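The structure comes first, then the notes by topic.

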Amino acid sequence: MRNQTFHIAVPLLGCILCVLPGHLRAQGPVPDSPAIEQRVDAMIAKLTLQQKLELIGGLDEMFIRAEPSAGFPSLKMSDGPEGVRTWGPDTAYAGGIALAASWDPNLASQMGESIAKDARARGVNFILGPGINIYRAPMNGRNFEYFGEDPYLSGQTAAAYIRGVQSEGVIATVKHFTANNEEYDRHNVSSDMDERTLREIYLPAFEAAVKEGHVGAVMNSYNLLNGVHATQNTHLNLDILKGDWKFDGILMSDWDATYSAVGAANGGLDLEMPSGRFMNPNNLLPAIKSGQVSEATIDEKVRRIFRTAIRFGFLDRDQTDPAIPRFSQEGRTVALQEALESITLLKNEGNLLPLDADKIHTIAVLGPDAWPAEPGGGGSSHVDAFAPVSIMTGLSNALAGKVKVLYAAGLPSAAEIMQETEFYDPSGRVPDNPWVGSQVKIETFDNPGFNGTPTVSAARRIAMYRSEEWTPPSRVRHSIRFTMQYMPAKTESYLFLAGAGGSDAYKLIVDGKTVIDQPPREGQAPRYVELPLTAGKAVPIELDYWPDAAYPRIGLGIRGVEELVSPEAKKVASFADAAVVAVGFDPSTESEGFDRTYELPFGQDELIQAVSQANPHTIVSITAGGDVDVHRWLSGVPALLHNWYPGQEGGRALAQILLGLHSPEGHLPISFERSWDENPVHDNYYAPPVPKGQTPHVEYKEGVFLGYRYYTSFDKKPLFPFGFGLSYTTFSFSNLKVSPPPTNDQGKLDYTVSFDVTNTGQREGATVAQVYVGDPSATVKRPAKELKGFEKVRLGPGDTHHVLITLDRRSLAYWSDQKNDWQVDPGKFVVFVGDSSENTPLTQDFQVH
């Protein structure tokens, strides 16, 4: 009977889902119409000015408030863009940078549909994503959310993601508009650039989101653009977004990214989130009365909110769909496909990969990123997944009963180093009781300047570190000075590791020299420095600390660099047939609110070196939102993969790729520089110091020559070029042809690029056919190559696919500051075709008249 019931229930479920009532069925946005505008007019007419001003400020962190008198319901939001983060556990999809590495807009659309269904299961109207800020330097703490360095790839990925989300009746919110290219001091820094750079590099992805994705909402960024905060930047919001691009949706602020009531009201902002701290009745009623702000301006904001809600059906159906599972098997499938398509093979010396499970007996899995699973980076995008799969567990599950998988973390955590550091007691007493100890003198001052008579106490160690995104600031500003000595047992380099939470500031002084200086900023990760010490020679240490919370949350640890890698890791690596070293970052070291390091976190270079010396079959797997410094060890390892942040199924996907069940197909959406000083923004990524209270300005001096545009134009060779990715098979390109527009349609200026891609290897695989355009005869200096088209091509061995790419007028144009418009100069253009910005074996010139 149970079996009969089971077989009957499945088709019944299908029928139920097919005939869901209209108040639950998904509905994508309908076009604006006179009927919608008439409905909006009637709703606005029912509101008082007070109600209008209340409506344009958010409520309870994640809601647009209801206005029952106008028949307007409360609308619910959720952080994104890698899952429905705000309302409990959910599917954790791959990071944006990973999605871009797939070079697959169809997959982006599937992800959008899946995350929207997750949202409908939770009654969410707005997903706060995608994030599409351009990758300018590897340190940006939110690169992992974004789509890489190229505006065309970013725009095509974003538009597809948005269409997928909105097809299921959920509003996508593209962010952060614009030029939010660093997390360090993001509320205060101004991104300064000329109009051409803005239009060609930092705006096209947003333009595609609006014009091709028809996005329902746009989120302004924290930073200033050319000296004016984004939320009150009339050129950005009114001239370009709502003027040139005709955006008719909702422009909202990032959370607490509004800085002026009148400035934001007149600068195009429609909705202040998470509340009306500035745009509220108390501030705006007097401004309207005095004529600084017009009531028509407020009406336009309300109109946009009402119009968008009506277009998405929010006034006519329930947003919560109880028929959608919260634990989504469909979501798991999409997340797995994202990871499979995005993991990028960068080096495979001697064809070490794929591993043959029939010929190996033991695999060592080592490193801080091997376990537990870290589907994404930190901050507002971080999703608590129901059942994430780590690299170690993914490999172990895939090889169960066939191959032994041995695991060792290999390195201590920051907290362990802090908790295990013993400072020197000059009296010679070494307490054996953790409750007794006076090695560290603690002086607490009731002011931030270390003035007056402190309260004095003592401790055995400094191990109060806890990483917190945000805590209420202390009302009493005070300072704490820790004084101690450290006695090295050996003569070698020592790691000095310090960390604090939130916006705390500290300064570490060793032997009279400042070696770490952490300013008060929005967030932070532990920082470290390596210093040579002499055995038996005590070194004086001072740690000055300014907590931003009502309690201390700082730690300091010291350990010999040679003692960082555990003996267990070396031993396990030595007798395994192959070793996978999983390194990189995690939510505590790469996150919203602060920038990360270009170097790998402490000890990871040493771990890779130790393992590769113990095992010649070492495979390095990097988890990060971009590139990292690999110069210390790359030549000594035969295989390197970049996982990005692969989502909850990353461990399963990496196992399939390592074992040859799936050929790697990710291609870099960024350029890997050989060293940080070879990056074109090296000299101007951070703003020069300014006096307190003044705006720091970052000058985008590289202009349009960012990433591969710089390397290809100035004959510089990156370590791994934009678009690069290895496969377990090989591909060739042939038969390039560039066809001009039909003779009867010359005004359209559309050129067709066609060519063939052939799988010349012995197994199925995928590559990315990339089309670049050069304009050597332009009257302005342009990059040698710019991506203008691509197609993901999946082929069986020996198969050929014919690719067609259309180049329209915009594909050939540059922004003319003189004409304040896009311009195409007549003359010679060049098409380049290949599988990376450096490998373009096919080229053809054509003339534009």
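Helix H2 (residues 34-45) has 12 residues and spans 16 Å from its first C-alpha to its last, close to the 16 Å expected at 1.5 Å a residue, where the expected span is 1.5 Å times one less than the number of residues. Helices (H or I, at least four residues) and strands (E, at least two) are DSSP runs numbered from the N terminus. The model is predicted: local features need pLDDT of at least 70, side-chain atom pairs count only at pLDDT 80 or more, and totals for chains, interfaces and linings use all residues. Residues are numbered from 1 along each chain as its sequence is written, and side-chain values use heavy atoms, leaving out hydrogens and water.

**Helix H2**
- Ile36, Glu37, Val40, Met43 and Ile44 are the buried residues of H2 (buried: under 20% relative accessible area; exposed: over 50%; partly exposed in between; 1.4 Å probe, protein chains only).
- Seen down the axis of H2, these residues fall within an arc of 120°, so they line one face of the helix; the arc is that of the directions from the helix axis to the C-beta atoms.
- They pack against helix H3 (49-55) and helix H12 (295-311), with contact meaning heavy atoms within 4.5 Å.
- The face turned away from the buried side of H2 carries exposed Pro34, Ala35, Gln38 and Ala45.

**Glu592**
- Glu592 sits in the loop between strand E23 (578-584) and helix H17 (604-614).
- Its relative accessible area is 15%, so Glu592 is buried.
- The Glu592 side chain makes polar contacts with the side chains of Arg142 (3.3 Å) and Ser380 (2.7 Å). A polar contact is a pair of N or O atoms within 3.5 Å; within protein, one must be able to donate a hydrogen and the other to accept it, and residues adjacent in sequence count only if both atoms are side-chain atoms.
- Leaving aside neighbours within four places in sequence, Glu592 is in contact with residues including Glu183, Arg186, Gly378 and Gly379.
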